[in-house]
Amino acid sequence: MKKFNIRKVLDGLTAVSSSSSATAQPGTPRENDVVQETLQSEHFQLCKTVRHGFPYQPSSMAFDPVQKILAIGTQTGALRLFGRAGVECYCQHESGAAVIQLQFLINEGALVSALADDSIHLWNLRQKIPAILHSLKFNRERITYCHLPFQSKWLYIGTERGNIHIVNVESFTLSGYVIMWNKAIELSTKTHPGPVVHISDNPMDEGKLLIGFECGVVVLWDLKSKKADYRYNYDEAIHSVAWHHEGKQFVCSHSDGTLTTWNVRAPAKAAQIITPHGKQPKDGKKPEPCKPILKVEYKTTRAGDPFMVLSGGLSYDTVGRRACLTVMHGKSTAVLEMDYPIVDFLTLCETPYPNDFQEPYAVVVLLEKDLVVIDLGQIGYPIFENPYPLTIHESPVTCCEYFADCPADLIPALYSVGSRQKRQGYSKKEWPVSGGNWGQNTQSYPEIIITGHADGSIKFWDASALMLQVLYKLKTAKVFERARGKEEKPNTDIVDEDPFAIQTLSWCPESRMLCVAGVSAHVIVYRFSKQEITTEVVQLLEVRMQCEFSDVDSPDPGGDQTPTLPTPGASSSPQESEPPTQPSTGSNSSDGPRDNIPCLQVRSSPLKQSPGYQVELVIQLVWVSGEPPQQITSLAINSSYGLVVFGNSNGLAVVDYLQKTLLLNMSLSELYSPSDPYQRQPRSPRKTRQPSGALCDSNDGSNTSEDRCKSPTSGSTSPCNSDDERKQKFIDKVKFKSRRFSKTVANDFAKMSRKISSSNEQKTDQEKRSQRWRSLTCKKCSSCVTDGKPAARTRQKGVLYRTKSDPNSYAKDNSFTRSRSSSVTSIDRESREAISSFYFCESFPRKGDSLVSPCLLVGTTQGSVMMVALSLPPGGDQRLQQPVGIASCGTMAQLKGGVLTMALLDAAGTLLPPSYEPWYDPNASDEEKEKSRRRRPASPPSSQEGQDTQFAVLCSEKQAKVVAMPSQTRLYKHNITETSFVLRADVVQMAGTNCITCFCANGHIMTLSLPSLRPLLDVNYLPLTDMRIARTFCFSNLGQALYLTSPTEIQRITYSQETCDNLQEMLSELFTPVETPEAPNRGFFKGLFGGGAQSLDREDLFGETASGKASRSLAQHIPGPGSMEGMKGAASGVVGDLARARIALDERGQKLGELEERTAAMMASAESFSKHAHHMMLKYKDKKWYQL
């Protein structure tokens, strides 16, 4: 019988529905006839793959000394397991309760977790995705401490009431054996001893259990006689207890910073009381109390003095001192400072047996935000180099990008320059957590993740084969001067904290060009070089972008009557990096509005640049008339054209980074109305350079040098009176307060607030700001400069560059903009609309063009897609001398919601990526440059008359459209969501073709086919609960995606069916068969005189026959989902057949076992019946019939 596939039926339905919503223009062939789409819903499946990074909010830790596996539990119920480098695993408790303790079943491939909701769980680690086998939920008592002796199946559980219960780990059932608190303490004690804080058995006698109560009482309990042998009392509360391996002494740590050592057979008084960090008074009095010692471990060595490791215990006068770990060895005491508070620590020893010399070799210290392993075997206790990617959060992540299927030579190149950045002074030994095995790598393509951080650093990560390893770190803040003190801190920052934070980045993997934008409205262009250089002067370009409106009440009389404004003078020295103060003409005082001042100061001293990414150009937006520059919302770089484009709510700017000039500085309103594009086509700013090295205004060339130093913000008549100044100061103050961004959400609110909730207050604020701008009678922003105001200036040669455009153009543009939308006025549009995306391509600039040429697609937050034509000079020297021509070609399409992504397909539906220049080393010799540099990829063939040869793919927050080029007719439209909005959309390669992937704020992940926009996948995966997810979610090629699931962790997912099928083979294996080390030899005399370890048959004590059944109301047993079902899910791929065979054998054995049980039950029933029948026969055998 043929299998019915509902997904194929849905495919047909969605294809019909999406086709019906598309409009085919006359003369345009239907795309179903032209492009054969191969993607089907069977190609897609969504699942999580791996999680990288430091466990967020860790709470507990455990180590298996035989398997060499480390487990970390968190406050959110997560479990992270680590083995050798590249072996990681993540699993989650459903309840989400904090993990308070972890206990390995050493070398058994199992782990017990105790949670804050009073449940314990048994995890099976023998499968690649660990699963819970059993759970036990306590109903009446709260769990405070657990202890599982080595090679024992009985788990001791201490509770808040002071009782101890015992659980059989194999069946997860409670034993009837209970140690009640009132029997453990002395009968004369009138107060409750408090919760159980410690349980451990005597290393030399399993029948003796040491129980520590919070109040300071320690009890040595005899399990066989069910009574206390000894009781040890101390005035201070206990935090932890540690045994000497011979079982004759133990050490307690207390809340007053003391350590007490007790002889087992001398309970009356402690053998020794020390305060490791207390000041010893001369008069012999008790030392001053210190902070609590939270944990102590006592480890012995054969050859020398024992180690005592403890956390806490510092004196109270060390206020502000960082957390410390103290290592006491013989007479030496080492205090090791940690960067973060200590959560837990474990001493790693050579043997798993507690009754042998421990031979400690390392200490694993779990901090709140780091994992440190200290080498105890070397002088000075150096730390091991951590092989895990736990430094993602070293500085908070502010942006993230994911690149799958990169050029093969990229990762080796980044690794070679990154390896020189590694710290020195690590331990020379191998990383001690070395368990597990890597999975099989079925993905052969290289993957790179780039993270931008709040401190201005950028990290490149090798993410191939489900692993993560840092390759290279770039510090962008090195380009700028740092304020040495609070008084030197510049007051021009947009943000009070993290002025260097990375906001967005654009990277070309083929040319290795990198462009980053920061929150202080700065853009930095980097080139990759393998050679070290020293840059004497950092190339700087300052851009003046402002949003200005025509004055409706008093319109500008015209271009010929533009008032003469002072022209800023040239910088006298090329090394000068701090702009001169330029007070406005109207308010010529020191506290006047800031103008032409960037937010950050570029360093003036020579910059030594190591191999790797080196600064090519710094672009900074400057303050305008007391208004700080708007943050950059979109960014793109193209190595083939040598252009960088960036935009914000004021418009867009195009910079030629080869010539270091500003080509275009255009407001959004001018982009909308290209009535006379040649009027707006800017000339290269180089052409306006005067021979004298200074600039003269076209209206008045007789300005003195004194006039040139004045601010170009306003004319001689300033409308700002004292009330206006007060109002402006107040608004500025409110504005600065509102810009107190947190370290990790630097620019999210501005992007998201208008979508998630109604933004009436923000609207009001924007309207007020618009009115204030209008009242200042500011002039319009021209295509490259404002009238009489410099749009950009560069200090590379000490000359200010400026161009001029028609002053009347805004009036025409404004009327056009006003007519475009009846619901949004031009002022509202100007104050709310921003550039949201760019896409460099080679296409048809205008409707009906027959030749392709370099173009730039511009998308806005109001859903407009506009085309900008680029005219590039020939290559070689001409490219560096001739200007690049730019012309706006008007609006190409309109979508609902902000435009998120754009792409171009050819007639066959193949993606046309932006052209690029292959990488060459900029510091290499000219011959090597010429060898590696090739011409830009050839343009696609020109279109025949009346025929469309390209498809523009446009995706916004609400819908997706496919537009035929050059006719600019809409072929397909798909409304992605009505009730929510798309946060991230990308056009990606998948199964040899392309599709659109979308992540919505309501948690849905969707894919659409191209070009017909058929829905292929729609899964409700992850609702938007955190702005971090919205900021960092990104798709990549070949079915890969990721996001920051917490401030410290990256979650990778796949939407590819093929990857999901092979996931089991790709995942690493935690459990590997290892022989358990031999038990320590007792020795002849110890065996003869009974001095060795005493064993105990716990089954006789705790089993049901001896202790009876436990109360059913005490705890509830919950069978876990991870036994057979988990194994069935794990059986796939090449090893699937073996796994399935093993499962079949297990199931067969299980069924045979059940059959055997049923047979035994039937035999017992038959035997019982036979006995009854025989008894009846004997009863009536000798009786007569009348006696019956």
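Reply: The secondary structure of the chain comprises 21 helices and 60 strands, where helices (H or I, at least four residues) and strands (E, at least two) are DSSP runs numbered from the N terminus. This is a predicted model, in which local features need pLDDT of at least 70, side-chain atom pairs count only at pLDDT 80 or more, and totals for chains, interfaces and linings use all residues. Residues are numbered from 1 along each chain as its sequence is written, and side-chain values use heavy atoms, with hydrogens and water left out.

The count of aromatic pairs comes to 23; rings of Phe, Tyr and Trp (its six-membered ring) pair if their centres lie within 6.5 Å, and planes under 30 degrees apart count as stacked, over 60 as edge-to-face and the rest as tilted. One of these is the edge-to-face pair of Y388 and W431, with 5.4 Å between centres and 90° between planes. Y388 lies in the loop between β28 (371–375) and β29 (397–404) and W431 in the loop between α4 (410–418) and β30 (447–453), so the pair ties together parts 43 residues apart in sequence. Y388 counts as buried at 4% relative accessibility, and W431 counts as buried at 13%; buried means under 20% relative accessible area, exposed over 50%, partly exposed in between (1.4 Å probe, protein chains only).

F460 and W507 also form an edge-to-face pair, at 5.7 Å centre to centre and 65° between the planes. This pair links distant parts of the chain, with F460 in strand β31 (residues 457–462) and W507 in strand β33 (residues 502–508), 47 residues apart. Both F460 and W507 are buried.
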